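Good morning, colleagues. Please look at the sequence and the coordinates on the screen.

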Amino acid sequence: MTVLLTADWTPFGKDDYFRKFEVYNMEWSDIDLNTLSLTSTSFGGPVAVIRDRNKFVKVQGSGKPIITIYTTSGVYISSFNWSSGQIVRLGWTSSLDLLCIMEDGHVLMYDIFSNYRHTFSMGQEAIDTKVIDAKVFYTAQSTGIAVLTAAHRIFLINSVNEPKVRRLPEIPGVHNASVCWEVMCEDRHSKVLFARGKDLYSLNEAEQNAVVLDVDLGDDVYMIKAMAVSYDFKLLAIFTDRGKLWIGKSDLSKCFRLYDVRNTLIPVQLVWCGNDAVIINWGMILEVIGLKEECIKYHYDESVFLVQEVDCVRAITLQSMDIIQKVPQVVRDIFRISGTAPGSFLLEASKQFKKKNHRSNEYLHIVKPKLFLAVQQCVEAAGHEFNTETQKMLIRAAQFGKIYLDDCSPENYVTMCRVLRCINAVRSPKIGIPITHTQLYTLTVQGLMKLLMIRHHHFLALDLAAFLKMPESSNVIRLHWACYKVKHSNRNKDQVAKEIAEKLGFNKGVSYTEIAKKAADCGKTELAIKIIEYEPLANLQVPLLLRLGEDRTALVKAIESGNTDLVYTVLSHMRENIPLGKFQMEIRGFPLAQALYLKYCRLHNKDTLKDVYTQEDDHKSQAVCYIRESLDPKNSGMREASLVAAQESYKKAKLDLHASFCEEQLKLLKYQRSLEEKFKRDFVGKSLHATVKLLLSAQEVKLADKLRTEYKVPDRRYWWLRVQVLGELGDWFELEKFSKSKKSYIGYEPFLDICLKYGNRYEAQKYLPRVREELKVKYLVKLGMMEEAAQAAFDQKDREALKYVESKCDPDLLEKVGSFLRQLPK
């Protein structure tokens, strides 16, 4: 069995091996790779096929090129006729959009199903001088493009999503020599290695001039014909016309190997196989050259196209798709002949156990000290295998070993089983993504889900997300499916909306707003309105309804939500976009909306508020508006007019009492103006209370009495005012005189309080005999007459009053107060 597993292995140096194994029998037909140009991308990306313009081909029909897109297994995806100009290079973005880089400097972008996306240019200078070559490169964040013009100027963009063109430094020298170049990415910026003849330059957008690089390629006279950069941009391969291959670090600081391939032809392709070897494609021969002394060849019966991957190379022919890679160390240790790795012994023990052979125990005894490592090796090796039977064999061995471990966590084992089921599913020829475990680690499971969604394998992606217990990814997949359904479905809008709602339900992670926006962007407004009805969050639902022109529906939803901010948002939108009269008629049917609108007008637009009240014949509210205007200090010149208008409005509303109040206020206003002219003081706008107080402060008692009589000011209020004003003036004689004028309507405590307020204890004592008995103790304490207060409380037999005195008195009086308390009954 082990011999069969290693049958496709080829020794590569002392301890390493390379292997080439078939993954797919290609399902395409009528394909001639000798006359076609193929373009693919990493992570098992699709293949774009177009007629090679550099080769003579017998053309039938219109003669326009056809771009056809297949999966890696050769399953047809889509195609379209090309009629937009001369293509210099095809390429793929990381999100599987096809880039068609044209000779006139424009880049057309299509999705994997041949739907046109958009066009952008590489700058005016590239348009003017003609593009002769282009490169598509990948960064951690996005996909970039670099173009070479006929003037040997290079223009570069780091992201096709934000195509900002950067011009690289000019290359010195003549422009008629042959060139080759590669793009490298370092620390979020890109640079170009450019070779012309034997000269090698580094072009960096941060530098003004090209930097000449020194590299020893083994000959004095040579021309650089091809270069290749590893996937991580750390390694570089350079091929010369003398047949020399230089392999080293991309910064040229170290050369690993200078190899003579003994062939001066220009390679069809020069690619890296992971970071382990360089592969030269000579057409039907692949030469694998290692970093040390290794070299092997693979022979084909037909033309081969290579696709560089993270850890391997995909070799595509008319008949098959192979993977060429260095055998992973853990796989090599387990399966190689006479292997002594713990995983190798565990695998053998598992096989013998299955055969019910006693030798199983012997192998288990050998591996016992390193059993945990053996289990881990078998689990890891299973991830690197494509054959499902080999995967099962290794997983069974790991399971067998776990039985004999007391504290072995099953997490890695369970995770690997799940991952294997997922990658086996996407490796199916129908799906055609031959991803390796290493590539999956680089891409991430979420990235794999994204690729499946882009290819419209939504249900497979959903099954994988559920199997891997990734609810967040499930929501993203459902959302992507719904947006796709909205865009491409031609069925009845009600049926589409219902189907989407049935599939998605009311899941927190799925926003119907995003789906409705997609429908609106596609011009399907009615479908968008149907879908947005399923959105449970009003703050997401309402803005989109407004965008779709459904103002009334948006208002209803905002009111139902109880969110006044949303209601205000709708009202503001409606007020700006429809005539005022129609707007006011619209909101009449919504009492809450109208109330909020009136509140807004009351604060910000009083003229509109009056118009609304006039339209509604709400005379009472009109009157209130006029009264507020009359009280506004900014409208001092319009007070009388506002009050007259308010009086008229109250009369129309048949509120005669309110109208009389307005009339009295008008009389007061006129009287205040006369007082203002007479005393040259501010009276206008004051209240009746304040006006009387001002007159008393000016010692115009007769005028104050007249105003008091005319407006029927209550006696208690008037007495309070007189006491307060006399206290403020310090007219203690007049205060005493006033207290004796007649019986006080407010008692005599206020007289005593006002004297104490302004610090006149002597005057305050005059009013003490006239204080009510129940308050006498309190005011004796206020005057500081503690002994008299204690005696008064004792005479009244009031224990609570005595306790109050006790809390306020000096320590010298405490004994006497305590004696009084003991004499009173409890």
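Axes here are lines fitted to C-alpha atoms, for helices over the stretch in contact, and angles run from 0 to 180 degrees between N-to-C directions. Helices (H or I, at least four residues) and strands (E, at least two) are DSSP runs, numbered from the N terminus. The model is predicted: local features need pLDDT of at least 70, and side-chain atom pairs count only at pLDDT 80 or more, whereas totals for chains, interfaces and linings use all residues. Residues are numbered from 1 along each chain as its sequence is written, and side-chain values use heavy atoms, without hydrogens and water.

I begin with a helix pair. Helix 8 (residues 411–426) packs against helix 11 (residues 458–467) at about 175°, and their axes are 10 Å apart. Helix 8 is therefore roughly antiparallel to helix 11, a term for angles over 145 degrees. Contact means heavy atoms within 4.5 Å. Helix 8 contributes Arg418, Arg421, Cys422, Ala425 and Val426 to this contact, and helix 11 contributes Leu460, Leu464 and Phe467.

Four strands form an open sheet in the order 7-8-9-10, with antiparallel pairing; two strands pair if DSSP finds at least two bridges between them. At the edges are strand 7 (87–92) and strand 10 (116–121), each pairing on one side only. Five bridges join strand 7 to strand 8 (residues 98–102) in the antiparallel sense, and Ile87 has Met102 of strand 8 as its bridge partner.

Let me turn to helix 33 (residues 799–808), whose buried residues are Ala801, Leu802 and Val805. These residues cover an arc of only 100° around the axis, so they lie on the same side of helix 33; the arc is that of the directions from the helix axis to the C-beta atoms. The face turned away from the buried side carries the exposed residues Glu800 and Ser807. Among the elements covering the buried residues of helix 33 are helix 31 (773–782), helix 32 (786–795) and helix 34 (814–823).

How values were computed
Buried means under 20% relative accessible area, exposed over 50%, partly exposed in between (1.4 Å probe, protein chains only). Angles under 35 degrees count as roughly parallel, over 145 as roughly antiparallel, 65 to 115 as roughly perpendicular and the rest as oblique.
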